[in-house]
Protein chains: 2
Amino acid sequence: MTDFTNETDDRAYEIVGQIEGILDALNLGDRDSLVAVLEEMHPADIADSLEQIEPDARLRLLEYWGADLDGRILPDLDEVILGELIQGLSNDAVKEAVRNLETDDVVDIVEDMDEPQQERVLNALDDPDRAAVVQSLQYPEDSAARLMQRELVAAPVQWSVGDLIDYLREAGDLPERFYHVYVVEPNMRQVGKVALSRLMASPRDVSLTELVDTNYDPIPATRSLSEVAYAFKQYHMVSAPVVDDAGRLVGVITIDDALDVLEDEADEDIRRLAGVGGEESLNDGVVATTRQRFPWLVVNLLTSILASLVIAMFTSTIEAVVALAVLMPIVASMGGNAGTQTLTIAVRALVTKDLTETNKRRVIWREINVGLLNGLMFAAIAGLVGLIWFGSPILGAVLGLAMIGNLFVAGLSGIFIPLGLDRFGLDPALASGVFVTTVTDVVGFFCFLALAALILL
Amino acid sequence: MTDFTNETDDRAYEIVGQIEGILDALNLGDRDSLVAVLEEMHPADIADSLEQIEPDARLRLLEYWGADLDGRILPDLDEVILGELIQGLSNDAVKEAVRNLETDDVVDIVEDMDEPQQERVLNALDDPDRAAVVQSLQYPEDSAARLMQRELVAAPVQWSVGDLIDYLREAGDLPERFYHVYVVEPNMRQVGKVALSRLMASPRDVSLTELVDTNYDPIPATRSLSEVAYAFKQYHMVSAPVVDDAGRLVGVITIDDALDVLEDEADEDIRRLAGVGGEESLNDGVVATTRQRFPWLVVNLLTSILASLVIAMFTSTIEAVVALAVLMPIVASMGGNAGTQTLTIAVRALVTKDLTETNKRRVIWREINVGLLNGLMFAAIAGLVGLIWFGSPILGAVLGLAMIGNLFVAGLSGIFIPLGLDRFGLDPALASGVFVTTVTDVVGFFCFLALAALILL
């Protein structure tokens, strides 16, 4: 995130201003001016407004607007709000709303719904669209098929540029957006793609096979979403064909869908590193939110009890030198922070595939050295703190030595724990944080108190 | 991030396999097979390979490949490696490498270079390209102008579809990729855009003004990158024109550039929340890495000393009941975790503009209630732990009460601190983590020890 400029503030107020317009119209009970405000807004902004206003205002808005509801807001709505909204609409309004959506948007809307709601939406679709959506839903939740749209332009391999232009000029039902035309054999096996910009620049009599780009791998329908998103980002792709097991063209994924996946993944990483359920939304209620966060806090309670057990081993030492109780959180806290730093770098590098078998050893070695170097510097500083505060050089030395030990272990665990989770096929973001801070707490308290017991007593 | 499937592993090994191919050829000193391996690879994968192999292998690779180097790898290279590479290339090789890059890629490459290197790259460009790059560099670092490419297709307002098609078929120097044609007045003021898909589907005699889409706001050249990226994501844009103060068309930003900005911002958020410098790369050395992480650890040291000062207020209490020293980290740790959960949700919601003036009060209220609810539940659990472990109902009660207080404060500070930073125009991710855990440490230790002093002694 970059710093917010004044301009940013203006735009944020613009959205807030739009929401105020909606609320004013609602308060006046003025349906016409409400519809006028909504018609001026982008569907994505309407979706955001619906999420941000109070539930009762939302209900009134839908009462007024329901029949004319713009279906394009649906894919941008939070799951909770979407469910509420579909619930409140008549069958006719649902039909009107989903009629013009692309199949990938419909899949996106219905895939997390419970069965009765899903049925209502599916029943609102035309037969061919319903068939396409149902087919996509048969693929695994995390697969490319869920992301692809069925709407695409395919051209037979024997066509020329002129044939294609004539076809496009006559076809009534073209996709809303497309950037490539896919060249296919009669059995729908895809041969390659032609960018519209190349088509536009080519004479009518050129054969499509002369223009076709075959220098890419089509995406298997079962490929995982994170792989698909990675490929879009890595290879700067704009759209890519999806093929079934037999190599037949079944759909197209466009970069804007990949962008959503990448954003979701980054969000999930951030949340998992912080110990928040990956699915939490700002629109969840108090109970749902508490339920999301509770398990992680339970894990944290157990690990902090583990740390307390370590402290409990040294109660007689602490009774003898109570300054130890004062200083011990410093060692643990520094280790936790240093470990989290290493961990965060490692987790993101694993996700973006910047950290692989090739450079693993080098990165591990770097982290060990960074841990030692930071350990030495903070040992000196902390030693001074101990000396000045309590006037005891030995206490300072114990604090310094414990710091070296814990920052070294922090570097080690910060890199080995995510690598280990990744090797076992687990998401390195998922539980790394709690593992790393458990290690640094336990090691921090133990090093400090054991050294003190050894040296001071 | 989604779970890694076997397929993912296959692909990761594929990259590792490619790198092995490179290393084998290098070890054999076999230039031809090296070039053959590189020619099979996507430039983005070559860039990643260069980053991941050892520095000496990288040098040898460049020695062999330098003169034929594919310039398309440059924009994908890490800053450190890019500097090394340009350093090692002859002027002719640099010229060859940058000749065919789009202007936005050249800007991306040179903007962080030191002056002498920047000069070398700029001198390698043709005059018009150099002028365009220099002009972009005169805009602020964080502005849309740095992201835009100069290469675009503009059409006079009086043209028909046929005029445009004829022009495109004759023009030799079209952009590598374009999805829209921009309709302009004679002074280059942009009127609107026409999607290629609409052009392709329209008869030759239709005027461009009939097809033109004007329903969007062009991006001012000075708009901040995060605003630009937000707009692409929010409005599902694919490309957008950039205009100067006078409304003249100066460039185009495409979604793949916006995607890079969004990824960088998410990365920065993750790193800042973990207290890692926003610019850290896996290719930094030990000293550079330590220097990045040191300041944050210093801040952490100071805040942990603050917490220790709170503990020091209660040394006589701890001397009397040493169990307090054993249990006190539990309260602090739970508060820190709960606060971080709230904070993370708040920071991301601010960045994605899901948290605004409209719903601020509701979210604050929710977090307060979640804090209280979790506080009550964990008070019961922790109270039991205290009771069972030390056989003291009063100790259990103190632990439970301190837990309620600290989880309540954790919720409060987790939401108010990022909101406060945001209000003062600061990045909420930047320092929130350290503020929140400082609050929860200080409040946690104080609540627990003060209650103990009050009740137990």
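Which helices of chain B are included in what covers the buried residues of H5(B)? Keep that question in mind as you look around; point 4 comes back to it. Please note that this is a predicted model.

1. Let's start where the chains meet. Chain A brings 136 residues to the contact, and chain B brings 136 residues as well. Together they bury about 13,300 Å² between them, with carbon and sulfur atoms giving 62% of that area.

2. Next, the polar side of the interface. Between chain A and chain B the count is 10 salt bridges.

3. On the side of chain A that touches chain B, the most residues come from helix H18 (residues 323-351) of chain A, which gives 18. By residue type, that side of chain A divides into 66 nonpolar, 36 charged and 34 polar residues.

4. Now to helix H5 of chain B, which spans residues 79-88. Its buried residues are B:Ile81, B:Leu82, B:Gly83, B:Leu85 and B:Ile86. As for the opening question, the cover over these residues includes helices H3 (43-52), H4 (55-65), H6 (91-98), H7 (103-110) and H8 (115-123) of chain B.

Technical notes
Residues are numbered from 1 along each chain as its sequence is written. Chains are lettered from A and ligands numbered from 1 in the order in which they are written. This is a predicted model: local features need pLDDT of at least 70, side-chain atom pairs count only at pLDDT 80 or more; totals for chains, interfaces and linings use all residues. Side-chain values use heavy atoms; hydrogens and water are left out. Contact means heavy atoms within 4.5 Å. Buried area is the accessible area (1.4 Å probe) that two parts lose on being put together, summed over both. A salt bridge is a side-chain nitrogen of Lys or Arg within 4 Å of a carboxyl oxygen of Asp or Glu. Helices (H or I, at least four residues) and strands (E, at least two) are DSSP runs, numbered from the N terminus. Ala, Val, Leu, Ile, Met, Phe, Trp, Tyr, Cys and Pro count as nonpolar, Asp, Glu, Lys and Arg as charged, and the others, Gly among them, as polar. Buried means under 20% relative accessible area, exposed over 50%, partly exposed in between (1.4 Å probe, protein chains only).
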